[in-house]
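I opened this entry to look up the aromatic rings and their surroundings. Notes follow in the order I took them.

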Amino acid sequence: MLRGIALLFLLGWAVAATYQVSGETLYEARAPLGAFRGVNPTLEGQVVFEPTKGFLQGRVCLDLSAWDSKEPLRDRHTREMFQVDRYPRACLNIQGFDPGQSLVQGTLSLHGVERKVAVPVRYTLEQGGQTLRFEAEFELLLSDYGLKAPSFMGMRVQDRVVVRVKGQGVAR
């Protein structure tokens, strides 16, 4: 990674910053009897970002056993769906950024399946670029990742789940 930063400097790019990332992820799902949500505060990783040139690389991950919907049975079903003993983390390997559309491009690895994604993101740089704050929202189909939506009393959670990510990065 350091070699990449040095190469950017030699090519005359603006200074890219390395950020230590932390944050939380929220899901919102629907079932026949209504909607529910859960939060996971374990988002962490590292990215190198130079927004004016569209350079973004890194990796952020989430501990899939840490979902909290305020309903222990639902959380247990969620952990079973993800098979956290076999697939403990979901990770986004970030490979680019389209500044015109504010899209983060990468590969999402979830439940042993890797899929290319483009996620719209809103971000701000604060304190002279020392702090990166970001928010993203996207939809995910559980079936795209080989996940079978949990059911309770014969009622199955819908395949489509809304995912919201909010976090910050601190320059290192």
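**Aromatic rings and their setting**

I began with Tyr123, which has 30% relative accessibility and so counts as partly exposed, since buried would need under 20% and exposed over 50%. I keep in mind throughout that this is a predicted model.

Next I asked how many aromatic pairs the structure holds. I found five. For each pair I wanted two values, as a pair of aromatic rings is described by the distance of the centres and the angle of the planes.

For Phe49 and Phe97 I noted ring centres 5.4 Å apart and planes at 90°, so I put this pair down as edge-to-face. I checked where the two partners sit: Phe49 belongs to strand S2 (residues 34–50) and Phe97 to strand S4 (residues 89–98). They are 48 residues apart, and I recorded the pair as a link between distant parts of the chain. Both Phe49 and Phe97 are buried.

I went on to Phe97 and Tyr123. Their ring centres are 5.7 Å apart and their planes stand at 80°, so this pair is edge-to-face; the angle needed for that is over 60 degrees. Phe97 in strand S4 and Tyr123 in strand S6 (residues 113–126) are 26 residues apart, and I recorded this pair, too, as linking distant parts of the chain.

I also looked for rings joined into a group. Tyr27, Phe36 and Trp67 form a cluster linked by ring pairs.

**Charges over rings**

Which residue lies over the face of Phe36? I found Arg74 there, at 4.3 Å from the ring centre.

**The chain as a whole**

I listed two helices and 10 strands. Along the sequence I read the pattern α-β-β-β-α-β-β-β-β-β-β-β. I noted a box of roughly 60 × 30 × 30 Å for the C-alpha atoms, taken along the principal axes.

The chain has 172 residues, and 42% of them count as buried. I put the accessible surface at about 9,900 Å², with 53% of it belonging to carbon and sulfur atoms. Of the contacts with a separation of 6 or more, I noted that 55% come from residues 24 or more positions apart.

Last, I looked up the charges. The chain carries 21 positive and 18 negative side chains, and I have the centres of the two sets as 2 Å apart.

Key. Residues numbered from 1 in each chain as written. Predicted model: local features only at pLDDT ≥ 70, side-chain atom pairs only at ≥ 80, totals over all residues. Heavy atoms only, no water. Phe/Tyr/Trp six-rings, centres within 6.5 Å; stacked < 30°, edge-to-face > 60°. Helix = DSSP H or I, 4+ residues; strand = E, 2+ residues; numbered from the N terminus. Buried < 20%, exposed > 50% of the residue type's maximum accessible area, 1.4 Å probe, protein only. Lys NZ or Arg CZ within 6 Å of the ring centre and 35° of its normal. Contact = heavy atoms within 4.5 Å. Areas by Shrake-Rupley, 256 points an atom, 1.4 Å probe, with all protein chains shown as cover. Lys, Arg positive; Asp, Glu negative; His and termini not counted. Charge placed at Lys NZ, Arg CZ, Asp CG, Glu CD.
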